[in-house]
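Hi everyone, thanks for coming. Today I'd like to walk you through one structure, a piece at a time, so please have a look at it with me.

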Amino acid sequence: MSNDFPARGRLFESVMRAMEQMRSDDVRWADGKVFSLVFHDHAASRMAQAAYNLFFSENALNPTAFPSLRHMETDVIAQVAHLLGSSGSVVGNMTSGGTESILMAVKTARDWARATRRIRNPTIILPATAHPAFDKAAHYFDVKLVHVPVGADFRADLKATRKAINRDTIMLVGSAPSYPHGVIDPIADLADLAQRHDLLCHVDACVGGMMLPFVRHGGRTVPPFDFSVNGVTSLSVDLHKYGYAAKGASLILYRDGELRRHQLFVATNWAGGIYASPTMTGTRAGGAIAAAWAVLQHLGMDGYSAIAREVMDATDRIKHGINALDDVHVLGDPAMSVLAIASDTLDMYEIGDEMTMRGWHLDRQQLPPSLHLTINHAHVAIVEQFLHDLAESVDMARRNHRRSNVLLHKGIRAIASILPSRIVRPLTRSLAGRMGGEVGAQSRSAAMYGMMGALPNKGDLDDVVLDLVEQFTLPQHGKNIEHRTESIGFGDEGSGNHQ
Ligand SMILES: *Cc1c(COP(=O)(O)O)cnc(C)c1O
């Protein structure tokens with residue numbers, strides 16, 4: 001049984017075969033039908049894998065042991081800071097991902113406020129569309145968040161932000177762009193507001209930081225969002241998204257070292273020696289640092305710009321194709337290649353289910369219900385097929401709509417969480433149990449979202465989802481992992497996880 005610790009080791013080939021078999025159930029990202037979980041460029045991948053292997057064993061925990069890693073990390077920080085408007089004073093650290101970068105920004109802001117002003121309940125103001133990593137940071141670090149609704153264009157509402165500022169406020173946040181709708185918050189205005197109130201201002205450029213500069217370089221208009229904007233004090237940018245680096249690579253950048261100082265940690269009384277560490281993690285994968293460095297050098301400004309041009313052309317075609325269809329449209333005015341498809345008349349989750357049946361993996365969003373696209377270099381070749389399948393799916397939803405699905409409840413628009421399609425079946429079962437209902441073989445996310453909308457309160461929904469999170473790491477009883485027929489996946493950006 002696979003739940004017991006393996007008594008005897010197995011041959012290399014046997015282990016490899018087992019993994020190949022397991023991954024046959026995984027979403028097939030290589031054919032371009034998966035969005036948000038995988039950012040792929042062929043040349044970058046090849047470079048990243050070679051670099052990762054070369055530095056597979058190295059550990060960046062101690063920068064004096066591996067000058068090579070220190071050199072590469074320093075290069076990556078300086079080069080990306082330069083890309084993002086630094087005139088030389090910007091400092092930063094590599095982290096394991098956008099979440100860790102944001103955790104650091106929030107922790108730094110809290111400790112800055114503790115050190116420089118007497119604030120009892122440090123509060124951060126951010127648009128409702130900001131990434132849940134900020135909620136996670138607030139949860140971990142005991143900082144209060146005030147979410148401000150966004151305007152009709154899905155961008156941060158400046159007036160509402162100004163109104164929310166009080167004596168406990170320590171930082172304002174804007175996204176460039178926001179994950180759900182791909183629109184850039186009014187960064188210059190937010191930064192100006194922050195400056196006038198003597199507050200910090202963090203820009204979450206996790207998804208856009210390694211794309212927007214190249215979009216601009218290609219001649220398109222991109223509003224200023226980085227350190228070129230006075231008042232922006234910190235910025236998060238992921239290398240493992242549009243930087244096409246190996247997963248486990250992001251940057252947290254600060255306008256100056258004085259602010260970054262509040263991020264650092266040291267323990268000087270440990271029996272194991274003096275232990276200092278700049279970020280959340282202890283041991284840090286040398287491979288992720290090497291891969292990020294290698295891809296940056298391999299692609300360069302010209303390589304990234306060429307990729308961005310192709311991706312933006314594909315995005316234009318997709319946007320026009322969506323808007324040419326009846327009943328669906330793109331939300332807001334996306335600044336780059338991240339966007340959401342919504343409908344005023346049809347059930348978007350129904351359309352999502354139809355797309356799933358056609359092999360696509362799209363995140364479901366809410367408020368309003370929409371499907372999410374992060375178009376990257378892997379998608380340039382599948383634009384026509386995507387639009388063809390979307391047109392079919394919209395047609396199907398239109399027909400189902402006329403038959404009016406009784407499982408869909410009105411409260412659907414108020415649901416408080418978003419989940420990837422692969423967890424739909426277990427969740428539907430779990431929900432059915434809670435509600436004492438019978439769902440039979442319901443496995444469509446449209447039905448599930450309808451049921452979630454019918455739950456009496458949000459606390460119930462939190463519990464149901466957390467039950468599920470627990471189940472994901474429990475042993476799969478009675479099943480041999482290699483021969484299981486059903487796999488449960490979790491963690492799409494913007495879904496139960498997120499992204
Ligand atoms: C992806 C993303 C994050 C979180 O990054 P992870 O690497 O998934 O931890 C934060 N903010 C935005 C805008 C993102 O797109």
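This is a predicted model: local features need pLDDT of at least 70, side-chain atom pairs count only at pLDDT 80 or more; totals for chains, interfaces and linings use all residues.

Let's begin with helices. Two packed helices are described by the angle between their axes and the distance between the axes. So how do α3 and α10 pack? Helix α3 covers residues 67-83 and helix α10 covers residues 286-324; their axes are 9 Å apart, at an angle of about 45°. That angle makes α3 oblique to α10, and the crossing is left-handed. On the α3 side, the residues in contact include Leu-69, Met-72, Val-76 and Leu-83. On the α10 side, they include Ile-289, Trp-293, Leu-296 and Met-301. Sorted by class, this contact has 11 nonpolar, three polar and two charged residues.

Now for the other pair. Helix α4, residues 98-116, and helix α5, residues 133-141, have axes that come within 9 Å and cross at roughly 50°. That makes α4 oblique to α5. Here the crossing is right-handed. From α4, the residues that take part are Thr-99, Ile-102, Leu-103, Val-106, Lys-107 and Arg-110. They meet Ala-133, Phe-134, Lys-136, Ala-137, Tyr-140 and Phe-141 of α5. By class, you get eight nonpolar residues, one polar and three charged.

Leu-145 sits in strand β3, residues 144-148. Is Leu-145 buried or exposed? With a relative accessible area of 17%, Leu-145 is buried, since the cut-off for buried is under 20%. Pro-127 is 18 residues away along the chain, and its C-alpha atom is separated from that of Leu-145 by 10.0 Å.

Next, a strand. In a regular strand the side chains alternate between the two faces of the sheet. You can follow this in β13, residues 370-374: Ser-370, His-372 and Thr-374 point one way, while Leu-371 and Leu-373 point the other way. Why is β13 described as largely enclosed by the rest of the structure? Five of its five residues are buried.

Which strands pair with β13? Strand β11, residues 338-342, pairs with β13 in the antiparallel sense over five bridges, and Ala-340 stands opposite His-372. Strand β12, residues 363-365, also runs antiparallel to β13, joined by three bridges. There, Arg-364 has Leu-371 as its bridge partner. β12 and β13 form a hairpin with four residues between them. In that turn, Leu-367 has a positive phi of about 55°, and the peptide bond from Leu-367 to Pro-368 is cis, with omega near 0°.

There is another cis peptide bond to look at, joining Ala-176 and Pro-177, with omega about -10°. Pro-177 is in the loop between β4 and α7.

Let's finish with two loop residues. Phe-154, in the loop between β3 and α6, has a positive phi of about 70° although it is not a glycine. Asp-327, in the loop between α10 and β10, is not a glycine either, and its phi is positive at about 80°. How accessible are they? Phe-154 is buried, with a relative accessible area of 12%, whereas Asp-327, at 26%, counts as partly exposed.

Terms used:
Residues are numbered from 1 along each chain as its sequence is written. Side-chain values use heavy atoms; hydrogens and water are left out. Axes are lines fitted to C-alpha atoms, for helices over the stretch in contact, and angles run from 0 to 180 degrees between N-to-C directions. Angles under 35 degrees count as roughly parallel, over 145 as roughly antiparallel, 65 to 115 as roughly perpendicular and the rest as oblique. A crossing is left-handed if the near helix is turned anticlockwise from the far one by less than a right angle, and right-handed if clockwise. Contact means heavy atoms within 4.5 Å. Ala, Val, Leu, Ile, Met, Phe, Trp, Tyr, Cys and Pro count as nonpolar, Asp, Glu, Lys and Arg as charged, and the others, Gly among them, as polar. Buried means under 20% relative accessible area, exposed over 50%, partly exposed in between (1.4 Å probe, protein chains only). Two strands pair if DSSP finds at least two bridges between them.
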